[in-house]
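Hi everyone, thanks for coming. I'd like to walk you through one structure today, so let me put it up on the screen.

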Amino acid sequence: MPDCSESARGLPASRLFRWLTGLLLVLGGFFDPLTAQAQVVDDTTKTLYGAKTTFVIREADVLREKHEGRMVDTTLVGMQQARNWYHDSTFQQDLGNGGTASRRLLWEPNTQLGARLGRNVFDKYMRNSATIPYYDTRSPYTFFRFVQGGTGEQVFELSYSRSIKRNANVGFAYERFSSNKIFTDVGAEGLTRHSGVLFFVRYQTTDDRYHLLFNVNTARHEAIEQGGIVPQPEDISDDNRIVTENLFEYDDERVWLTQARNRDDRDRIHLAQTYRLLGKGLTAFHVMDISRQTNRYNDDQIPRGTTEPLYYPRTRLSPNVTNDRATFEQAENSVGVLGATKLVEYRLYGRHRLARLSTSSRIEETVAEDNVPIRTYNQIFLGAMRPSATAYLG
């Protein structure tokens with residue numbers, strides 16, 4: 001019986017393997033590795049792509065003639081700071097859960113000209129189209145973040161960007177925030193829910209004279225309003241004071257509102273472009289901003305006693321339900337010239353704003369909404385700015 005370790009020709013398998021290996025080595029010497037069609041990229045011993053090949057560019061930099069960008073920040077700081085997970089990192093006071101209404105604790109000057117809606121308790125969770133990051137990347141860049149907190153609090157963010165040759169970069173981003181109720185088992189478990197989608201494009205000409213930044217930003221935010229805990233008779237002391245220690249039963253507590261809901265929907269198209277006329281000393285620019293914000297508040301079960309409402313100070317249109325809606329739309333264009341050199345930096349511009357505010361409220365459960373007259377705004381501003389001073393004429 002023949003030996004199973006031999007090939008069909010009777011040559012041992014180990015000797016055949018050594019012979020083939022030597023033949024390949026000899027043949028390999030006749031090929032120039034520089035002209036070979038298949039090459040191995042040396043990405044194991046050299047770092048070709050990383051933080052130093054990905055740069056962040058913002059609109060404020062482009063409007064100051066700074067197009068180089070900044071390297072991606074890879075430091076990990078403030079991990080324990082809850083406010084760092086949202087778009088407004090200032091000190092904020094909210095209702096204790098992620099996604100609830102908030103307000104600033106630090107004073108801030110008004111940086112927006114003209115009439116505004118003023119419903120900004122959810123600004124903390126919204127992207128600002130004028131401050132989003134654009135990228136200049138040698139390789140595709142992906143950002144991912146997921147945070148899981150107590151009571152169902154979650155933060156999820158994902159963005160992807162890649163360059164098209166050297167002159168353009170496109171990308172998109174998706175985000176979602178949410179949290180659950182921490183007390184009362186009445187109604188659904190969810191307390192807040194937020195989702196947002198962003199698409200952005202950056203383009204520049206080969207001679208670096210023209211720059212364009214464009215993005216489409218949309219967000220949907222929903223928050224269940226509970227109105228706080230209703231003290232029960234056992235929570236009231238003999239001297240008619242509320243015993244706060246008794247208000248921590250969580251699922252066993254009762255709340256004022258069980259059907260109230262607050263929604264804030266925002267859509268925005270933003271464009272910024274510059275064209276260098278005479279070097280860095282004279283550049284024309286144009287900024288366009290088209291936005292729509294809709295805020296809706298409805299409560300289908302207003303808590304009432306025998307005659308008076310128990311939670312709301314008073315009811316005007318309906319004793320049982322409330323349904324308020326406000327939509328603010330605006331189109332804003334700014335055109336001017338700017339310059340940034342080692343000696344001087346300036347900006348001269350004119351701004352035109354068209355705005356429209358429509359509001360409505362439901363009178364009764366079965367009666368159509370009572371529409372308040374629509375308000376329109378047509379505003380023109382002239383502005384001048386240098387590093388140490390800003391002036392506006394409206």
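Let's start with T53, which is buried, with a relative accessible area of 10%. By buried I mean under 20% relative accessible area, while exposed is over 50% and partly exposed lies in between, using a 1.4 Å probe and protein chains only. Before going on, a word on the source: this is a predicted model, where local features need pLDDT of at least 70 and side-chain atom pairs count only at pLDDT 80 or more, while totals for chains, interfaces and linings use all residues. Residues are numbered from 1 along each chain as its sequence is written, and side-chain values use heavy atoms, with hydrogens and water left out.

Back to T53, then: you'll find T53 in the loop between α1 (13-28) and β1. Helices (H or I, at least four residues) and strands (E, at least two) are DSSP runs, numbered from the N terminus. S139 is 86 residues away from T53 along the chain, and their C-alpha atoms are separated by 7.8 Å.

Now for the sheet. It is an open one of three strands, in the order β2-β1-β5, with antiparallel pairing. Its edge strands, β2 (70-71) and β5 (134-137), each pair on one side only. Two strands pair here if DSSP finds at least two bridges between them. Between β1 (residues 54-57) and β5 there are four bridges, and F55 stands opposite D136 in β5.

Next, is E175 buried or exposed? E175 counts as buried because its relative accessibility is 2%. This residue belongs to strand β8 (residues 168-180).

Finally, the nonpolar cores, meaning sets of buried Ala, Val, Leu, Ile, Met, Phe, Trp, Tyr and Cys residues joined through side-chain atoms within 4.5 Å. The largest has 18 residues, and F200 and F285 touch the most other members. At least two residues of this core come from each of β1, β5, β9 (190-204) and β12 (283-299). Apart from it lies another core, of nine residues, among them Y86, F122, A219 and A223.
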